[in-house]
Amino acid sequence: MIQREDLKKIRKKLKDCLSKSRYQHTLGVEFTAAAMAMKYSIDIDMAELAGLLHDCAKCIDDEEKLEECKKYNVKITDVEKRNPFLIHSKLGAVYAREKYGVDDEEILSAIRCHTTGKPDMTTLEKIIFIADYIEPGRDKEKNLAEIRKISFEDIDEAMYMILRDTLEYLEGGEGEIDPTTEETYLFYKKLHDEKSRIV
Ligand code: DGI
Ligand code: FE
Ligand code: FE
């Protein structure tokens, strides 16, 4: 069981190792995840803990990320080697276990897959992925107002919209697409297409 007191302690610790803006973003993801947990009937404290820790490995430089992966035996793909910022989710799950004492596999998995997603995610995994995109501090993302609304109506449709817009953004710029992001998109697009056929 997660105690509210533990969340408080973790907030304090994160405040010291994240930048001010990253810490604000983290709090935004924490309470957005809590609100979505209420809507989708999952454990609120688990959603808050995953939201709090999702970017806990974000504020270290790329070289150190790679060294830390070696230290903790985390395997890195070629795409991650070329785009080391992607590593913060995998490494974040390791930090959550090693530095913050989290042993719940579903929380660790929600942290691990929060950037690329993965096909067939659990409700907690989807909530962290979505809360990361819609938290109140975000303002540059496309279709935010619509996605924020859908996030509390149809969680799989929100996944589809976020992945669609993320891929469109990456295709228009320098960002190399991780095959997992593409696979996740295709999974949620299939659900979207099936729904459109029914109505
Ligand atoms: O850590 P945050 O900034 O809060 O959020 P995040 O971990 O979701 O990272 C957001 C960025 O990740 C956003 O600019 C889109 C990008 N992203 C998602 N999938 C991929 C990706 N970037 C690359 N290069 N490749 C991907 O497959
Ligand atoms: Fe992140
Ligand atoms: Fe984030």
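How far apart are the iron ion (ligand 3) and the iron ion (ligand 2), and which residue coordinates both?

Tutor: Keep in mind that this is a predicted model. The iron ion (ligand 3) and the iron ion (ligand 2) are 3.5 Å apart. Asp55 coordinates both.

Take the iron ion (ligand 3) first. Its protein donors are His25 through NE2, His54 through NE2, Asp55 through OD and Asp132 through OD. They lie 2.2 Å from the ion. Along the chain these donors follow the spacing H-x28-H-D-x76-D. His25 belongs to helix 2. His54 sits in the loop between helix 3 (44-53) and helix 4 (62-71). The pair therefore ties together parts that are 29 residues apart in sequence.

Now the iron ion (ligand 2). Asp55 (OD), His88 (NE2) and His114 (NE2) are its protein donors, lying 2.1 Å from it. In sequence, the spacing of these donor residues is D-x32-H-x25-H. Asp55 is the bridge between this ion and the iron ion (ligand 3). Asp55 lies in the loop between helix 3 and helix 4, and His114 in the loop between helix 7 (105-112) and helix 8 (123-134), so this pair ties together parts that are 59 residues apart in sequence.

Next, ligand 1. The side chain of Thr115 has an N or O atom 2.7 Å from an oxygen atom of ligand 1. For the side chain of Arg138, the corresponding distance to a ligand 1 oxygen is 2.9 Å. On its own, ligand 1 has 580 Å² of accessible area, and the protein covers 84% of that.

The space taken by ligand 1 is the largest pocket. Two elements give two or more residues to the shell around ligand 1: helix 2 (20-39) and helix 10 (155-171). Helix 10 gives the largest share, 3 residues. Helix 2 also holds His25, a donor of the iron ion (ligand 3).

Finally, the shell as a whole. Ligand 1 is surrounded by 17 residues. The closest are Lys58, Thr115, Glu176, Asp178 and Thr181. By class, the shell has 4 nonpolar, 6 polar and 7 charged residues.

Terms used
Residues are numbered from 1 along each chain as its sequence is written. Chains are lettered from A and ligands numbered from 1 in the order in which they are written. This is a predicted model: local features need pLDDT of at least 70, side-chain atom pairs count only at pLDDT 80 or more; totals for chains, interfaces and linings use all residues. Side-chain values use heavy atoms; hydrogens and water are left out. A residue is near a molecule or strand if one of its heavy atoms lies within 4 Å of it. A polar contact is a pair of N or O atoms within 3.5 Å; within protein, one must be able to donate a hydrogen and the other to accept it, and residues adjacent in sequence count only if both atoms are side-chain atoms. Accessible areas come from the Shrake-Rupley method with a 1.4 Å probe; for residues, only the protein chains shown count as cover. On a 1 Å grid over the protein atoms alone, a cavity is a set of points where a 1.4 Å probe fits but cannot get out, and a pocket is an open set with protein on both sides within 12 Å along at least five of seven lines; lining residues have an atom within 4 Å of a point. A molecule sits in a cavity or pocket if more than half of its atoms lie within 2 Å of its grid points. Helices (H or I, at least four residues) and strands (E, at least two) are DSSP runs, numbered from the N terminus. Ala, Val, Leu, Ile, Met, Phe, Trp, Tyr, Cys and Pro count as nonpolar, Asp, Glu, Lys and Arg as charged, and the others, Gly among them, as polar. Donors are N, O and S atoms within 2.8 Å of the metal (3.2 Å for Na, K and Ca); water is not among the atoms, so sites may look incomplete.
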